[in-house]
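Hello,

Here is the structure I said I would pass on. My notes follow it.

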Amino acid sequence: MKTFRFFLLVFAALFLGVNFTACEDEEETEILNDSNEPESVIDESVEDTLPREKRLTEMKIAKNNLTDDPNFKPSSSTYKFSYDNMGRLILCEIINSKGVTTSTEIYSWKENSIVCEIMEKDGNDKLITFQLENNLISNLNSKYKNNGENYIQEFSFAYDSMNHLVKQHKKYGTKDSSTYNYKWRDDKIQEESFEDYFDRYFTNYTYSEETFNGYLPIFAVVSSLSYIHPELFGVKTNSLLTRESLSYTSIPAHSNTEYTYTMNAEGYVESYSEKTVFYFGCHDDTPTIFGYTTFLKWE
């Protein structure tokens with residue numbers, strides 16, 4: 001659920017002397033090139049059926065200097081979203097703080113699937129196919145390049161009777177890689193557990209009683225589709241997340257993340273900031289502190 005969970009894993013790995021990339025690469029299965037190009041089925045003649053709520057057209061994620069570090073280097077990523085006349089995401093451009101487009105995602109919507117082509121500036125392109133069942137993503141297949149080689153990832157998703165996401169499973173080739181499990185209460189994720197061949201942790205979430213219009217683009221899976229259409233992944237909620245507490249069982253580490261929000265006059269989240277305090281080892285006197293602010297534009 002958390003956008004920057006990977007930072008915590010990398011930070012822990014530095015202390016343990018473990019190279020995450022090397023571990024994952026050993027599990028990946030090389031595949032042949034797929035030359036089939038996805039066909040666009042966007043019907044421009046379809047009558048405009050926009051939802052009543054506004055669309056998220058831009059999201060900027062900026063790194064914060066929370067410790068007054070004199071060597072801090074500002075950085076940000078800006079996501080620009082475009083839609084078809086049915087309110088479906090068809091294009092996402094990701095631009096870095098220097099104004100360079102680092103990634104372009106093109107979406108084609110079919111009857112029971114969504115195809116996403118991702119063109120990366122570094123040449124590590126992806127082709128992702130999302131399969132739909134009962135208006136929910138049931139699984140996805142991601143073919144991608146890494147250092148000139150071609151690989152495949154597969155995700156599967158399970159839901160409860162209320163169409164809430166309860167399990168996310170990812171594997172490389174034929175070997176299992178990682179599993180997320182989610183527990184819900186009152187239409188909110190309360191607990192999350194994660195486990196793979198190296199790590200294991202648990203996360204508890206706390207929410208305020210305040211509600212808002214729109215949604216929070218926090219849940220990320222492979223591409224930006226889950227930012228714009230969280231309902232397809234069973235994670236859409238209009239409750240404000242205020243605190244996230246994470247505890248590792250595989251290593252002596254834990255973290256707490258606090259969220260604060262700015263609302264606009266129409267009740268949409270205009271921006272939210274997250275501050276994470278990460279502790280490693282048996283002593284809590286030397287934590288690592290980092291954070292981000294996300295700016296949202298609704299139209």
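I started with a hairpin: strands β8 and β9 form it with 5 residues between them, and in the turn N163 has a positive phi of about 65 degrees. Strand β8 covers residues 149-159 and β9 covers residues 165-172; the two run antiparallel and are joined by 7 bridges. One of the residue pairs is Y159 with L165, the latter lying in β9.

Keep in mind that this is a predicted model. The protein chain has a mean pLDDT of 83, with 80% of its residues at 70 or more.

Next, strand β1, residues 56-64. Its antiparallel pairing with strand β16 (residues 288-298) extends over 8 bridges, and N64 stands opposite G291 of β16. Strand β1 is also joined to strand β2 (residues 76-83), again antiparallel, by 5 bridges. There, K60 has T78 of β2 as its bridge partner.

The largest nonpolar core holds 58 residues, and F81, F130 and F233 are the ones with the most contacts inside it. As a general point, nonpolar side chains in soluble globular proteins tend to be buried together. Leaving out residues up to four places away in sequence, F81 touches L56, T57, E58, M59, L89, L91, C92, S224 and I228.

Regards

Notes. Residues numbered from 1 in each chain as written. Heavy atoms only, no water. Core = buried A, V, L, I, M, F, W, Y, C linked by side-chain atoms within 4.5 Å. Buried < 20%, exposed > 50% of the residue type's maximum accessible area, 1.4 Å probe, protein only. Contact = heavy atoms within 4.5 Å. Pairing = 2+ DSSP bridges. Helix = DSSP H or I, 4+ residues; strand = E, 2+ residues; numbered from the N terminus. pLDDT = per-residue confidence, 0-100.
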